[in-house]
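This report is an introduction for a reader who is new to the structure shown below.

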Amino acid sequence: MKKNFVLLYSAIFLSAALCTAEEAAFSGYFGILADAPAKKELYTEGFAAGQLDFGGNLIFRGEIQVETGDLLETSPLKKKEDKNSVLNLNELSATYKYNHTASTHFFTAYLGSFEPAGSDIFLQRQFGIQSIASPLTESYKGLGSAPFNEHYGAGVAYTVKFESPMAAGFYLTLNRDNATGDEKKAVWTNFRFAGSYPNVTFDLNAGVNFPLEKESESGDKVVFLVKYLVIDGGANLLIGNRYTTSLFLQGGVKNITINSDDSSDNNIDKGLVYLLGEFRMVLPAFQFNGTLFSIPDEYFSEMVFFRHQAIESAERSITDPRSNSDSSSTLGIDVNLFTENLYLAERPMTAGAHFTVTTPGWGLFDALEHKREFKKESDKTFVLSPYISAPLLNGKLTGIASMNITALKDKDKEKREAFRFMLGYKTQL
């Protein structure tokens, strides 16, 4: 089934491109990150995204993601049978754009994850704005910021952009239900509403997943039977703008199951609740971001400033039975102090540092429900991550030196495990 979808969409894309190639306008993006823990290891990840625009009426988009293992262990200089990389399709989509007097309509067919919740890629596409996401969620695994709720599958979408700076969308995706571990085929519907004003930008979405049953309780074959629903949703809100002091709020939930036959099965997995609040202060000489967050551990490895925390959470899940689950979260606070008043050959540079404190294995709801245990048993991880970004060609080169201060003081760990060096580059082609 998956191969048939890929062949069908690929044939459509190729045929359209061959017919109208002379009229196509191409734009592309590329990003790559080298991640080197200070113990003779080298991992890389990156993405490539492209867009073909045929006269503003037909738009084809594609994005792929690549990750490698330790290149010093499975070197490309060795025999090619030593596979050292994984390639993933993030998005393959075709959009027809229809302009009306007071609105613009978009009809899309897609494969992969299309405009996922949490990422601000929808806002960028519809309103042409720069990213409003927290710098903490920066990722080199896709064009947008790291999403907190995405559904991978095949589907269609309809979006309408109004004359006022607002847009609404509906998505219908065929995928599988991962909430219960049954991996049943499912139909996912999602509704979206967004707007972009000078001092307020928002993106709201809510989805309902319908896992499909193949048999009734009596054992009879069925065409369409739904025993329970899975609900998710999220929101991005920026009060102010990137040039003034502002407040950014982000939240999301996933895998809320509703079972009509057994109300005891209805649950909200609080470990999968995503919360982030960031106060941004813009001063003449520098800028200050203060962030409070409770993020599911599964997302840490997606973000470049949370690599040490991802390791700490994985280690805690082994030693702590309470957090030994696939839905644990980590509570933390981050201070990001940086300046953009640096110049390299009259081109602006950015330099700053993140100081992050987290409590591995303890999410916000864990801390609220078990206040005494949280005060006595929670260990804190302190991470300092200075960084610098400089223009290079048509893109931006970013270097990060991350130090786990807590691990540096731990006598049971090697000192070199406390350091991590990353070098990333993003550009528009």
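## Salt bridges around Arg307

Arg307 and Glu45 form a salt bridge in which the closest N and O atoms are 3.0 Å apart; a salt bridge is defined as a side-chain nitrogen of Lys or Arg within 4 Å of a carboxyl oxygen of Asp or Glu. Arg307 lies in helix H3 and Glu45 in strand S2 (residues 43-54), so the bridge ties together parts of the chain that are 262 residues apart in sequence. Helices (H or I, at least four residues) and strands (E, at least two) are DSSP runs, numbered from the N terminus. Arg307 is buried, with a relative accessible area of 8%, and Glu45 also counts as buried, at 7% relative accessibility. Here buried means under 20% relative accessible area, exposed means over 50%, and partly exposed lies in between (1.4 Å probe, protein chains only).

The model is predicted: local features need pLDDT of at least 70 and side-chain atom pairs count only at pLDDT 80 or more, while totals for chains, interfaces and linings use all residues. Residues are numbered from 1 along each chain as its sequence is written, and side-chain values use heavy atoms, with hydrogens and water left out.

Arg307 also meets Asp35 in a salt bridge between their side chains, at 2.9 Å from N to O. This pair links distant parts of the chain, with Asp35 in strand S1 (residues 24-37) and Arg307 in helix H3 (residues 307-319), 272 residues apart. Both Asp35 and Arg307 are buried. A network of salt bridges links Asp35, Glu45, Arg307 and Arg420.

## A further salt bridge

The structure holds 10 salt bridges. Side chains of opposite charge can pair when their charged atoms come close. Another such pair is Arg125 with Glu91, where the closest N and O atoms are 3.0 Å apart. Arg125 belongs to helix H2 (residues 121-127) and Glu91 to strand S4 (residues 85-99), 34 residues apart. Arg125 is partly exposed, with a relative accessible area of 25%, whereas Glu91 is buried at 6% relative accessibility.

## Overall make-up

The chain contains 6 helices and 18 strands. Of its 429 residues, 45% are buried. Among contacts (heavy atoms within 4.5 Å) with a separation of 6 or more, 58% are between residues 24 or more positions apart.

## The largest nonpolar core

In soluble globular proteins, nonpolar side chains tend to be buried together. A nonpolar core is a set of buried Ala, Val, Leu, Ile, Met, Phe, Trp, Tyr and Cys residues joined through side-chain atoms within 4.5 Å. The largest nonpolar core has 34 residues, of which Tyr171, Tyr274, Ile295, Val304 and Phe306 touch the most other members. At least two residues of this core come from each of H2, strand S7 (166-177), strand S8 (184-196), strand S12 (274-282) and strand S13 (287-296). H2 gives the most, with 3 residues.

Leaving aside residues up to four places away in sequence, Phe306 touches Leu136, Phe293, Ile295, Phe300 and Thr356.

## The cavity

A search of the whole structure finds 1 cavity of 30 Å³ or more. On a 1 Å grid over the protein atoms alone, a cavity is a set of points where a 1.4 Å probe fits but cannot get out, and lining residues have an atom within 4 Å of a point. Grid points are joined across faces, edges and corners, and a volume is the space filled by probe spheres set on the points.

The largest cavity holds about 130 Å³ of space. It is lined by 16 residues, and the closest to its centre are Phe114, Glu115, Pro116, Ala117 and Trp188. S7 and S8 are the elements that give two or more residues to this lining, and S8 has the largest share, 3 residues.

## Ser196

Ser196 lies in strand S8 and is buried, with a relative accessible area of 15%. Not counting residues up to four places away in sequence, Ser196 touches Phe127, Ile129, Pro165 and Thr201. Ser196 and Leu238, 42 residues apart in sequence, are 9.3 Å apart in space, C-alpha to C-alpha.

How values were computed
1 Å grid on protein atoms, 1.4 Å probe; cavity = no way out; pocket = protein on both sides within 12 Å on 5 of 7 lines; lining within 4 Å.
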